[in-house]
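Subject: Handing over the structure

Hi,

Here is the structure I promised to pass on.

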Amino acid sequence: MARTDEAEAFFHAVYSAIQEIPYGKVTSYGHIAKLVGTPQRPRQVGVCLKHLPSDPSHTFHNGNVPWQRVINSQGIISPRGHPSGAAHQAQVLRGEGVTVNTSAMGELRIDLGEYGWFPRQLPSEEAAGLAPHIESDEEH
């Protein structure tokens, strides 16, 4: 898919940020958007993940971007176009030791209090001495 330079930079920022989510933790689409300085674009984070290549010849692909660690802000694995997509994401997260429960509504839910990762800034940016994009410890 051809992208503008701006879109390419956004995809790169999103994929790089997702690579920093620790094993066994999850965060939300909205928190990734905040961490990359575009708090108004959580849905576009989802678009980036939808278009994450599987081909390992790409710089970013589903083998080096832990896509499974991004869920919605209520702790629910978002449904996908393919019926087994959410179940697959739950299976991968369970493999990382994350407890995934099924709600009364049939939603696959993760306890954000236990498994949530919501830093004010990315560890790489903190190490580089950069100012955080998120000014306070607000809700995710």
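Below is what I found, starting with the whole chain and ending with a few single residues.

Two bits of housekeeping before that. This is a predicted model, so to speak of local features I needed pLDDT of at least 70 and counted side-chain atom pairs only at pLDDT 80 or more, while totals for chains, interfaces and linings use all residues. Residues are numbered from 1 along each chain as its sequence is written, and side-chain values use heavy atoms, with hydrogens and water left out.

The overall picture

The protein chain has six helices and four strands; these are DSSP runs numbered from the N terminus, with helices being H or I of at least four residues and strands E of at least two. Read from the N terminus, the order is α-β-α-α-β-α-β-β-α-α.

Along the principal axes, the C-alpha atoms fill a box of roughly 40 × 35 × 25 Å.

Of the 140 residues, 41% are buried (buried is under 20% relative accessible area, exposed is over 50%, partly exposed is in between, with a 1.4 Å probe and protein chains only). Take the contacts (heavy atoms within 4.5 Å) between residues at least 6 apart in sequence: 59% of them join residues at least 24 apart.

The cores

What sits inside? The largest nonpolar core has 23 residues, and V14, Y15, I18, I32 and V45 have the most contacts inside it. A nonpolar core here is a set of buried Ala, Val, Leu, Ile, Met, Phe, Trp, Tyr and Cys residues joined through side-chain atoms within 4.5 Å. Helices α1 (5–18), α2 (29–35) and α3 (42–50) each supply at least two residues of this core, and α1 gives the most, with six. Y15 touches C48, L49, H51, L52, P53, F60 and V65, leaving out residues up to four places away in sequence. There is also a second, separate core of 12 residues, which includes I77, A86, I110 and Y115.

Start with V26, in the loop between α1 and β1 (27–28). V26 counts as buried because its relative accessibility is 0%. Beyond residues up to four places away in sequence, V26 touches I21, R69, I71, L93, I110, L112, Y115, G116 and W117; Y115 and I110 are among the residues of the second core.

Next, I134 lies in the segment after α6 (123–127). I134 is buried too, as its relative accessible area is 6%. Setting aside neighbours within four places in sequence, I134 is in contact with H31, K34, L35, P119 and R120. I134 and P119 are 15 residues apart in sequence and 8.6 Å apart, C-alpha to C-alpha.

Finally, is H82 buried or exposed? H82 counts as exposed, because its relative accessibility is 54%. H82 lies in the loop between β2 (70–71) and α4 (85–95). Between H82 and Y115 the C-alpha distance is 25 Å, and they are 33 residues apart in sequence.

Cheers
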